[in-house]
Amino acid sequence: MPEINLFVYGTLLRGQSSHGLLQNPVHLGTAYLPGYSLYDLGEYPGIVETSAQDRVLGELYRIDSAVIHLLDRYEDEGDLYTRKKLQVVTLDGSIMQAATYVYNLPVDPHALIPLAHQPYARARSLIENLAPI
């Protein structure tokens, strides 16, 4: 079965609730997606195209292409998210093509997760550990 590269930034990250959906992925390392920003949407994050200097930090995997149809259902591909093939940059500077899921709906600008608080798992941990006001 052919394989594809997949860039993940939220609940599909290692250690997160839906990572198991990747079904024995090969971890290719940490990577970032230029030209996009990460937003906290409550139960999950979403990325939207922004400016060239913005980046989203995540993980890069090689998965069996048969898994992508399961992920499309999970991500509500075509409605909530659109799967796109984009260029990601690994920490050693290599540029690779990878599929990822881009959020389709408007986002609250106040829900932006800055690069310093990424990946998403770290951002959720910071938010959950804030003391109540």
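The model is predicted: local features need pLDDT of at least 70, side-chain atom pairs count only at pLDDT 80 or more, and totals for chains, interfaces and linings use all residues. Residues are numbered from 1 along each chain as its sequence is written, and side-chain values use heavy atoms, with hydrogens and water left out.

Select S51 to begin. S51 sits in the loop between β4 (45-49) and β5 (55-64); strands are DSSP runs of E, at least two residues, numbered from the N terminus. S51 is partly exposed, at a relative accessible area of 26%. Next, display D54, whose side chain forms a polar contact with the side chain of S51 (3.0 Å). The C-alpha atom of P34 is 8.3 Å from that of S51, 17 residues apart along the chain.

Turn now to L6, F7 and L71, the residues with the most contacts inside the largest nonpolar core, which has 32 residues. Such a core is a set of buried (under 20% relative accessible area) Ala, Val, Leu, Ile, Met, Phe, Trp, Tyr and Cys residues joined through side-chain atoms within 4.5 Å. Centre on L71: its contacts beyond four places in sequence are L6, L12, L21, L22, I63 and Y101.

Finally, select T11, Y44, Y74, E75 and Y81, the closest to the centre of the largest pocket among its 14 lining residues.

Definitions and conventions
Helix = DSSP H or I, 4+ residues; strand = E, 2+ residues; numbered from the N terminus. Buried < 20%, exposed > 50% of the residue type's maximum accessible area, 1.4 Å probe, protein only. Polar contact = N/O pair within 3.5 Å; in protein donor to acceptor, adjacent residues only side chain to side chain. Contact = heavy atoms within 4.5 Å. 1 Å grid on protein atoms, 1.4 Å probe; cavity = no way out; pocket = protein on both sides within 12 Å on 5 of 7 lines; lining within 4 Å.
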